[in-house]
Amino acid sequence: MTDPAQRPAAQHPPALQHPALQLRDVWLRLGREVILRGVNVDMAAGDGVTLLGENGAGKTTLLRLLASGLRPTRGEGRVMGFDLRDSRSVRDHIHLMPVDGGLYPDLTCEENLAFALRMHAHTGDADRAVAGALRRVGLEHAAGRRARFLSAGMRKRLALSRAWLLARPVTLVDEPFANLDDAGRALVQELLGELRAGGGTLVVAAHEPELARAVAPRALRLAGGQLLDAAQTVNA
């Protein structure tokens, strides 16, 4: 059983009228290629959404856009009520765990987590929080090891522990089950489930829908630049 004191309390705003995530007629062009074509979606606070799609469909690009890493070519989007173009406010409320983990290779495991807490102005006992997060994913023995010297599975667990530690109101996760054995995949489900249980909104892009939907049951499929309910695409 995890001691709640080992993790900072999630800074989730009180219940609001607006969706946690909202896109309205969003188009995105990168160079000559149109990636998103009039995407509309609403995700309520506490929603768990699995994002499906073939390789190259634009799932990673959509996650980057939601995290304010890309700006829509046309249309509007909001995260926790903040316009996507307000990058600072959006990033205060969202965490993106990219497929490569997004770690700093020359920082140790504990330094990566401590830096993340500083970036989000954590005011509690950071050392205790970091130690608890590493212990939660079984990396306490590697606390002083640089990220570049971790195996692919260990890097994935470190990135996951950072998402769990930060517990933003919205967490976006790209291919969390890759490079993990069965025990690692079960751990992913546990930690992502805990984020949702704490009231967080979760969006998981994965090629393992049966694993992802255990914690993010609503399924949306990205195909041809459009985002549709997965059931619609099956019945179409």
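The dialogue below goes from confidence to overall form and then to single residues.

Reader: On what basis are the values computed?

Author: This is a predicted model, in which local features need pLDDT of at least 70, side-chain atom pairs count only at pLDDT 80 or more, and totals for chains, interfaces and linings use all residues. Residues are numbered from 1 along each chain as its sequence is written, and side-chain values use heavy atoms, with hydrogens and water left out.

Reader: What average pLDDT does the protein have, and where is confidence lowest and highest?

Author: pLDDT is the predictor's confidence in each residue, from 0 to 100. The protein averages 90, and 91% of the residues score at least 70. Confidence is lowest in helix α8 (residues 230-235), with a mean of 59, and highest in strand β8 (residues 201-205), at 98.

Reader: How many helices and strands are there?

Author: Helices (H or I, at least four residues) and strands (E, at least two) are DSSP runs, numbered from the N terminus. The protein has eight helices and ten strands.

Reader: How does the radius of gyration relate to that of a compact globule?

Author: The radius is taken over C-alpha atoms, and the globule rule is 2.2 Å times the number of residues to the power 0.38. For 236 residues a compact globule would have a radius near 18 Å; the protein has 17 Å, which agrees. Its C-alpha trace spans about 50 × 35 × 35 Å along the principal axes.

Reader: What share of the contacts with a separation of 6 or more joins residues 24 or more positions apart?

Author: A contact means heavy atoms within 4.5 Å. Residues 24 or more positions apart account for 70% of the contacts with a separation of 6 or more.

Reader: Is Ser68 buried or exposed, and what of Ala121?

Author: Buried means under 20% relative accessible area, exposed over 50%, and partly exposed in between (1.4 Å probe, protein chains only). Of the 236 residues, 47% count as buried. Ser68, in the loop between α1 (59-66) and β4 (74-79), counts as buried because its relative accessibility is 5%. Ala121, in the loop between α3 (109-119) and α4 (126-136), is exposed, at 56%.

Reader: What phi do these two residues have?

Author: Neither is a glycine, yet phi is positive in each. The angle is about 70° for Ser68 and about 55° for Ala121.
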